[in-house]
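Please give me a guided tour of the structure shown below. I have it open in a viewer and would like to know what to select next and what is there.

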Amino acid sequence: MTIRPETRELARRLLIYESRAGRSPEPGTSPTLRVYEMLRRSLNSFAGVAGFYSLASRALVLARSEDPVFSEARVTEDGTLQGLGENERPIDFDKGAGGEPPSEAGIVLISGLLGLLHIFLGEALTASLLRITWPGAALDDCNFEKGKNA
């Protein structure tokens with residue numbers, strides 16, 4: 001599956017938004033893991049734990065094909081992500097903190113998940129889910145069906 005540039009841009013925007021928001025229940029939690037967890041919570045209430053598990057597992061397979069740093073990562077039965085940073089070469093998800101550009105690894109993972117959401121839920125439902133999850137983020141100008149920003 002090829003991730004469209006618009007989806008990568010959306011992932012980048014969400015990661016930047018979360019890095020600037022800096023709201024984390026646990027100190028040191030990366031913007032990528034915050035975006036992932038927020039998607040997990042939103043989709044669990046919409047599609048159930050098994051539905052999110054399926055999407056997240058496939059997104060992780062896609063991420064592994066682009067970056068072998070994900071080789072030790074796995075999705076648990078409840079949809080949480082484990083195995084990141086536990087190997088010798090931890091993923092530098094925090095590169096995007098403080099206004100710096102988001103890490104490529106974070107963009108790869110989140111854009112894979114968003115791409116699958118577009119396929120299975122469609123643009124309108126995905127956009128609605130994202131607006132509910134991130135009400136303050138500037139996401140309204142993304143137009144995924146036409147492949148360009150409106």
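Select Y36. Leaving aside neighbours within four places in sequence, Y36 is in contact with F52, A56, V75, G79, T80, L81, I110 and L113; contact means heavy atoms within 4.5 Å. This is a predicted model, in which local features need pLDDT of at least 70 and side-chain atom pairs count only at pLDDT 80 or more, while totals for chains, interfaces and linings use all residues. Residues are numbered from 1 along each chain as its sequence is written, and side-chain values use heavy atoms, with hydrogens and water left out.

Buried means under 20% relative accessible area, exposed over 50%, and partly exposed in between (1.4 Å probe, protein chains only). Helices (H or I, at least four residues) and strands (E, at least two) are DSSP runs, numbered from the N terminus.

Next, show α1 and α2 together. Their axes come within 15 Å and cross at roughly 115 degrees; axes are lines fitted to C-alpha atoms, for helices over the stretch in contact, and angles run from 0 to 180 degrees between N-to-C directions. On the α1 side, the contact is made by R8, L14, L15, E18 and S19, and on the α2 side by P31, T32, R34, V35, M38 and E66.

Move to S111 in helix α3. S111 is buried, with a relative accessible area of 0%. Beyond its neighbours within four places in sequence, S111 is in contact with I3, T7, R8 and A11.

Now select helix α4, residues 123-133, where E123, T126, A127, L129, L130 and T133 are buried. Seen down the axis of α4, these buried residues fall within an arc of 160 degrees, so they line one face of the helix; the arc is that of the directions from the helix axis to the C-beta atoms. On the other side of α4, A124 and I132 are exposed.

Finish at Q82, in strand β2 (residues 81-82). Q82 counts as partly exposed, at 35% relative accessibility. Leaving aside neighbours within four places in sequence, Q82 is in contact with E72, A73, R74 and T76. The C-alpha atoms of Q82 and E72 are separated by 8.3 Å, and the two residues are ten residues apart along the chain.
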